[in-house]
Amino acid sequence: MDCCSLAIMSMYRNAVWFLNGIHQYTRKGYDAASIDFEPNDLDVSVVGRSFMITGANSGIGKATAMAIAKKGGTVHMVCRNKDRAEEARSEIISESGNTEVYIHVLDMSQSHKVWEFAENFKKQYPSLNVLINNAGCMVHKRELNAEGLEKNFATNTMGVYILTQTLIPLLQKSRDPRVITVSSGGMLVQKLRVDDLQSESGYFDGLMIYAQNKRQQVVLTQQWAVDNPAIHFSVMHPGWADTPAVSTSMPQFHQMMGDRLRTVEQGADTVVWLALSRAAARTRSGQFFQDRKVVSDHLPLAWTRSSAEEIQAFISQLETLAKAVQSQGDVDVNGPLVPPRPSFV
Ligand SMILES: NC(=O)c1ccc[n+]([C@@H]2O[C@H](COP(=O)([O-])OP(=O)(O)OC[C@H]3O[C@@H](n4cnc5c(N)ncnc54)[C@H](OP(=O)(O)O)[C@@H]3O)[C@@H](O)[C@H]2O)c1
């Protein structure tokens with residue numbers, strides 16, 4: 001496609017996505033969709049099952065942790081800030097009455113640390129039933145982590161990839177294992193790009209890089225489902241919920257949407273349903289969900305589908321990066337790990 005066609009296609013995708021959003025992603029959209037929810041789906045007890053939730057101190061992650069704690073599950077909160085995590089943990093324990101809530105301090109943007117954490121967790125705990133990849137960020141300025149990876153990519157894609165890949169053997173040993181990744185409907189405007197994972201070229205648009213990372217999560221989920229048939233994988237869009245991420249990263253959007261935004265509980269509803277219900281486990285692994293239903297991961301006529309070669313190129317790059325990240329920490333823990341431009345990309 002030439003530049004003009006690409007620009008028109010991009011405007012078309014954004015317009016369709018926004019109109020969809022006004023109807024479906026708002027509080028009204030949730031109210032309409034929830035009429036079809038099966039009320040008994042969440043009548044379950046998950047005492048004895050363990051759930052790891054990244055970014056569990058705030059917004060959708062905290063609402064998910066609360067709902068799971070209320071059903072008796074053991075909750076492993078993976079958070080980057082100890083004080084914020086302690087505060088959320090106290091609230092979850094006092095409201096749910098469940099004391100099986102544990103904190104693990106981890107910054108998901110620090111790739112080697114993510115790998116170390118997951119390795120240690122595997123040694124320390126005999127099982128993990130459900131992993132919920134919820135932590136996410138939208139950084140508007142290009143920053144690199146210690147390994148030289150761009151921060152949005154490091155948090156939203158690399159962290160999710162390393163954590164999930166490393167925990168797969170533990171999940172496989174556990175009963176009814178599930179992995180749920182909180183993506184975003186914003187990914188519908190993006191086609192997977194495999195040529196510039198670190199956003200080194202062109203204008204740095206944090207919103208579009210975030211949306212690209214969320215597309216990457218969808219592609220990863222589909223690939224994991226194929227490679228790991230013993231685990232149920234799903235990826236979802238929470239709708240537009242009123243959380244600190246939205247008010248700080250998209251202040252104008254937050255102001256414009258006002259009380260049309262969903263509550264955090266409404267945003268978390270499908271995550272909770274995917275984590276707890278038997279109905280979710282009966283769905284085919286690897287699909288994209290919105291309001292407890294499988295929905296298409298592409299807008300009509302949007303040209304966002306990828307070829308098998310593109311997907312393979314993406315996965316290969318992640319594998320290479322993960323190997324490099326894993327070995328780098330062993331080499332030199334004090335000095336700079338990589339030159340500013342990652343040599344292994
Ligand atoms: N709200 C929406 O409308 C919406 C729409 C689509 C998708 N989502 C997705 O929903 C997920 C949850 O976001 P939210 O809306 O609930 O926002 P939120 O309340 O701001 O929660 C984001 C969570 O992620 C954590 N986090 C961010 N970067 C991290 C890092 N490097 N290491 C560890 N934790 C990190 C945050 O920790 P701190 O508290 O320490 O910052 C916080 O706990 C995200 O993946 C987001 O992309 C949200």
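**View 1. Helix α3 meets helix α10.** The axes of helix α3 (residues 59–70) and helix α10 (residues 264–276) come within 8 Å and cross at roughly 50 degrees. Axes here are lines fitted to C-alpha atoms, for helices over the stretch in contact, with angles running from 0 to 180 degrees between N-to-C directions. Helices are DSSP runs (H or I, at least four residues), numbered from the N terminus. The two are therefore oblique to each other, the term for angles that are not under 35 degrees (roughly parallel), over 145 (roughly antiparallel) or 65 to 115 (roughly perpendicular). From α3, the contact takes in G59, I60, A63, T64, A67 and I68, and from α10 it takes in V264, E265, G267, A268, V271, V272, A275 and L276; residues are in contact if their C-beta atoms, placed from the backbone, lie within 7 Å. These residues divide into 10 nonpolar, three polar and one charged. Nonpolar covers Ala, Val, Leu, Ile, Met, Phe, Trp, Tyr, Cys and Pro, charged covers Asp, Glu, Lys and Arg, and the others, Gly among them, are polar.

**A note on the model.** This is a predicted model, in which local features need pLDDT of at least 70 and side-chain atom pairs count only at pLDDT 80 or more, while totals for chains, interfaces and linings use all residues. Residues are numbered from 1 along each chain as its sequence is written.

**View 2. Helix α3 also meets helix α4.** The axes of α3 and α4 (residues 82–96) come within 9 Å and cross at roughly 35 degrees. K62, A65, M66, A69 and K70 of α3 touch A88, I92, E95 and S96 of α4. By class, that contact has five nonpolar, one polar and three charged residues.

**View 3. Helix α6 beside helix α7.** The axes of α6 (residues 151–172) and α7 (residues 206–227) come within 8 Å and cross at roughly 15 degrees. That makes α6 roughly parallel to α7. Look for N152, F153, N156, T157, V160, Y161 and T164 in α6, which meet residues of α7 including G206, Y210 and W224.

**View 4. Around the ligand.** Which residues come nearest to the ligand? Of the 29 around it, they are G55, G59, G136, T243 and A245, where near means a C-beta atom, placed from the backbone, within 6 Å. Helices α3 and α8 (244–249) each give two or more residues to this shell.

**View 5. Confidence along the protein.** The mean pLDDT, the predictor's confidence in each residue from 0 to 100, is 93. Over residues 331–345, pLDDT stays under 50.

Note on methods: Contact = placed C-beta atoms within 7 Å.
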